[in-house]
Amino acid sequence: MAFHVEGLVAIVVFYLAILAVGIWAAWKTKNTGSEGDRSEAIIVGGRDIGLLVGGFTMTATWVGGGYINGTAEAVYVPGYGLAWAQAPIGYSLSLVLGGLFFAKPMRSKGYVTMLDPFQQLYGKRMGGLLFIPALMGEMFWAAAIFSALGATISVIVDLNVNISVIISALIATMYTLVGGLYSVAYTDVVQLFCIFLGLWISVPFAMSHPAVTDIGFTAVHQVHQEPWLGSINSLDIYTWLDNFLLLTLGGIPWQAYFQRVLSSSSATYAQVLSFLAAFGCLVMALPAVLIGAIGASTAWNETGYGVPDPMSKKEADMILPIVLQYLCPVYISFFGLGAVSAAVMSSADSSILSASSMFARNIYQLSFRQNASDREIVWVMRITVFLFGASATAMALLASSVYGLWYLSSDLVYIIIFPQLLCVLFVKGTNTYGAIAGYLFGLVLRITGGEPYLYLQPLIYYPGCYPDENNIYIQRFPFKTLAMLTSFFTNIIVSYLAKYLFESGILPPKLDFLDAVVARYSREHMDKATLVKSDNIVLNELAPVNPRHSLTLSSTFTNKEAFNYVDSSPELSNTEDN
């Protein structure tokens, strides 16, 4: 394949435009934000992200390289088809559920990161434990999409994979480094526009290629391969449900999502953003579905791709760039390439910023340096943005099973963090003992279920498991959802059991080494009694919270406006007078 100078020029122009927008957004932040809240401006954008920019950036966070490429691949692969393209519906429902049940309580209490409520209720130790699967999910996700971008560019432009990955990672890291959430949000607007325009321009050209059969006919009839609508066998129903629940419920507890929720100007706006992004995810999936259908309807021996077809060459995961390359004119394929690279960068920058935000806020500041200045936190974030960006790039270049690692880490987010989030927000009485027990039970059940992408054999063989061509056993039983439910109920049962044992005197107070029951109002719990136990403070009174960063843990989570409201109430005044 010849080196395409035009394609390289198009990519360079696109990357320079993205970098320019990111730097402009960083300059805008510097000139509008107050110096004392600089770290908060980087993490949550000063909590003044509007509906338009917020809707674009939340949509772009989900509509990434994996989302676009993966949807096209699922529709194309024979035997799977549209029936197994779960990401569009799954992630859209995830955003709807997040908006209905999670966005308002998280935004109303003025948290800065997703891990804040965990540290508030369970203490800094548990916050550190939950940071591990959250970090793994963000980092392996970024590495996987960088790897996909390198392969995509190499297909169309014939550019060295390593060079394309490094340049893309540098661009994304650079504007994230200087501008934080503002840069990520404003570049997401440009990137989402490029994705929409680039893919929709490509679809008509690909569909009108002489080698492509009418996709309406191939949807239900076998021509070049099985119909692309696909089907679900009775034996695979539980696997389908397990994966669908993982996408729907496991798509909620991600810092990348809650970063947008917490950056909105109000709790109501946070909910509206989630609903807008759900609609955006469905709309942005349409061209990817059509491209997958086009790939399944093409006689590849009549194109420049030749024989065998992409499935036989084990290039099904690259069906989208292959369709752009061989079924579209050259200048159109470069538009599509810009769309894919935009999709990758829009997700990668979010993951890098999310990981650095959680580390700087929940690990460095709240666990080790509670009196750190705002300037110090800003520099910690900048350093970790660079380190996490470099780490994701290195994994994309060196690891042979990045996708396997990401699948496993995303499972851990679903199995460990989601049930913990349910308990923190909606179940009263849970404590650190239950949280740790639920964490461990969920982790053990997930790992013992095996992971084919990592060639990890299961230790527990659930009903219906079978060996694949590599003799690695595949589970048909929905063991991931079982592990999630086990983690959830273990947290509740152990929490109430520990509370009963200590409060009834069966166990002496000195054995409460985590200060989770006897010393529940300890400093480590960061004034949890104020926000969690006080029945006279409701969520809508806590909406305009603006947390401070450079004081103690207690003052970090103290809602002074809610206190002022309570102090000025007639009931409290009468009580004090008496």
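# Helix contacts and ring pairs

Reader: In which helix does Val 21 lie?
Author: Val 21 belongs to a helix that covers residues 5-32; helices (H or I, at least four residues) and strands (E, at least two) are DSSP runs numbered from the N terminus. The model is a predicted one, in which local features need pLDDT of at least 70 and side-chain atom pairs count only at pLDDT 80 or more, while totals for chains, interfaces and linings use all residues. Residues are numbered from 1 along each chain as its sequence is written, and side-chain values use heavy atoms, leaving out hydrogens and water. The helix that holds Val 21 is H1.

Reader: Is Val 21 buried, partly exposed or exposed?
Author: With a 1.4 Å probe and protein chains only, buried means under 20% relative accessible area, exposed over 50%, and partly exposed in between. The relative accessibility of Val 21 is 21%, so Val 21 counts as partly exposed.

Reader: What distance separates the C-alpha atoms of Val 21 and Thr 187?
Author: Not counting residues up to four places away in sequence, Val 21 touches Tyr 186, Thr 187 and Val 190, where contact means heavy atoms within 4.5 Å. Although Val 21 and Thr 187 are 166 residues apart along the chain, their C-alpha atoms are separated by 6.0 Å.

Reader: How are H3 and H8 oriented to each other?
Author: Axes are lines fitted to C-alpha atoms, for helices over the stretch in contact, with angles from 0 to 180 degrees between N-to-C directions; under 35 degrees counts as roughly parallel, over 145 as roughly antiparallel, 65 to 115 as roughly perpendicular and the rest as oblique. H3 packs against helix H8 (residues 161-207) at about 75°, with the axes 8 Å apart. The two helices H3 and H8 are therefore roughly perpendicular.

Reader: What is the orientation of H3 relative to H11?
Author: The axes of helix H3 (residues 51-62) and helix H11 (residues 255-263) come within 10 Å and cross at roughly 175°. That angle makes H3, relative to H11, roughly antiparallel.

Reader: Which residues of H11 does H3 meet?
Author: On the H3 side, the contact is made by Thr 57, Met 58, Thr 61 and Trp 62. Of these residues, Trp 62 is also linked by ring pairs with Tyr 257 and Phe 258 into a cluster. The partners in H11 are Ala 256, Tyr 257, Arg 260 and Val 261.

Reader: What kind of ring pair do Tyr 433 and Phe 513 form?
Author: The structure holds 19 aromatic pairs, which are rings of Phe, Tyr and Trp (its six-membered ring) with centres within 6.5 Å, their planes counting as stacked under 30 degrees apart, edge-to-face over 60 and tilted for the rest. The centres of Tyr 433 and Phe 513 lie 5.7 Å apart and the planes stand at 80°, so the pair is edge-to-face.

Reader: How do Tyr 433 and Phe 513 compare in relative accessible area?
Author: Tyr 433 lies in helix H17 (residues 432-447) and Phe 513 in the loop between helix H18 (479-503) and helix H19 (528-533), so the pair ties together parts 80 residues apart in sequence. Tyr 433 is buried at 13%, whereas Phe 513 is exposed at 60%.

Reader: What is the relative accessible area of Ala 142?
Author: Ala 142 is found in helix H7 (residues 124-156) and touches Ser 351 and Ala 392, not counting residues up to four places away in sequence. Ala 142 is buried, with a relative accessible area of 1%.
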